[in-house]
Amino acid sequence: MTPPDTKHVSRFRSDLERLIGIAPTAQAQLGIAVSGGGDSLALLLLAHAAYPGALRAVTVDHGLRPEATTEAAAVADICATLGITHQTLKITTPITDDGNLQERAREARYALLNRWAGFGADRRVEWVAIAHQQDDVAEGFLMRARRGAGVGGLAAMAAQRAIGPERGAAWLLRPLLDWSRAELAAVVRDCGLTPMHDPSNGDPKYDRARIRKLIAESGDLPADRLAMSARNLRDAESALEWAAEQEWRNRSAIERHESVSVDMGDLPHELRRRLAGRAIEYLRREAGLRDPWRGTGIDRLVRGLEAEKAGTLAGIAARPGRRWVFRIAPPRQSH
């Protein structure tokens with residue numbers, strides 16, 4: 001197995017350390033999520049060349065394809081050759097196909113990676129790197145644009161974030177966001193490896209596969225420019241979140257953890273929307289509501305409140321006025 005070109009290793013090291021500020025070590029290890037596809041193999045090879053002795057690798061078997069077990073074993077063999085500790089994690093609870101199978105699989109994968117990384121005193125690695133790259137950003141941008149997403153939905157995926165909600169959770173890193181799929185494929189090829197192929201990547205029943213084909217066939221949709229737009233929107237999203245945090249501190253009032261009121265008087269719609277979402281999320285946590293809420297319905301609720309109409313969303317009742325009041329809704333009576 002030929003090591004990656006030194007210029008690629010230097011570039012990767014610069015990209016990673018720009019995110020975390022330091023170099024991984026044997027004491028502060030970097031976890032690498034490896035599926036066996038070209039992007040994740042390139043990530044593994046670059047990270048091993050940059051930080052030998054500072055890595056652990058993990059492969060998630062979603063249980064969706066019979067080939068997954070063989071692919072995980074192949075990744076384990078590559079890691080053994082490189083001297084990297086590797087573990088395969090299996091998702092044992094069946095993933096429900098509710099029309100967005102890939103999204104449900106992603107959620108299950110991140111939950112499993114969070115447990116693998118550990119948190120607090122039991123944290124095994126400091127960071128978990130995944131292989132999202134520039135073409136993924138472009139594809140995600142177009143997928144969400146066709147659904148009418150706002151700034152937050154169109155923004156490029158964050159380069160780093162906590163991998164789970166627990167205090168002391170490891171950080172999820174995306175150090176390859178400025179690399180193209182073609183560049184990463186060349187890294188793998190030059191090292192003498194053949195990546196594994198996931199047929200779902202070309203299956204037209206999946207949105208991403210159709211968008212990928214559209215970008216590849218259209219000279220008017222360059223992936224690097226689409227990704228640039230998504231990165232610009234990530235900056236805009238960060239600015240809006242900063243503004244929302246300031247307004248939340250200045251305008252919200254919490255009463256006995258049962259209600260939240262927010263002065264919405266002179267705010268633009270987008271900040272009203274974000275503050276309403278914060279109020280709902282806060283009260284849901286306080287009420288111990290465990291059913292997932294992904295923000296759906298917030299636009300309809302906010303438009304109604306702006307028209308002086310009360311409403312209920314995700315178990316939280318909202319009342320209009322200069323100060324919008326949010327309360328935990330009483331349970332529905334069964335008849």
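A residue counts as buried when its relative accessible area is under 20%. Keep that cut-off in mind for the first view of this predicted model.

View 1. Strand β2 covers residues 55-61, and six of its seven residues are buried, so the strand is largely enclosed by the rest of the structure.

**View 2. β2 has strand partners in β1 and β3.** Strand β1 (residues 30-33) pairs with β2 in the parallel sense, over four bridges. Look for Ala33 here: its bridge partner in β2 is Val58. Strand β3 (residues 85-90) also pairs with β2 in the parallel sense, this time over six bridges. To spot one of these links, find Thr59, whose bridge partner in β3 is Thr88.

**View 3. Helices carry the chain from strand to strand.** Start with β1, α2 and β2, which together make a right-handed β-α-β unit. From β2 the chain then goes through helix α3 (residues 68-82) to reach β3, and this β-α-β crossover is right-handed.

**View 4. Helix α1 meets helix α2.** Two packed helices can be described by how far apart their axes are and by the angle between them. Here, the axes of α1 (residues 6-20) and α2 (residues 38-50) come within 9 Å and cross at roughly 90 degrees. The two helices are therefore roughly perpendicular to each other.

**View 5. A closer look at who touches whom.** On the α1 side you'll find His8, Val9, Phe12 and Arg13, and they meet Leu43, Leu46, Ala47, Ala49 and Ala50 of α2.

Note on methods. Residues are numbered from 1 along each chain as its sequence is written. This is a predicted model: local features need pLDDT of at least 70, side-chain atom pairs count only at pLDDT 80 or more; totals for chains, interfaces and linings use all residues. Side-chain values use heavy atoms; hydrogens and water are left out. Axes are lines fitted to C-alpha atoms, for helices over the stretch in contact, and angles run from 0 to 180 degrees between N-to-C directions. Angles under 35 degrees count as roughly parallel, over 145 as roughly antiparallel, 65 to 115 as roughly perpendicular and the rest as oblique. Contact means heavy atoms within 4.5 Å. Buried means under 20% relative accessible area, exposed over 50%, partly exposed in between (1.4 Å probe, protein chains only). Two strands pair if DSSP finds at least two bridges between them. A crossover is right-handed if, with the strands pointing away from the viewer, the path from the first strand over the helix to the second runs clockwise.
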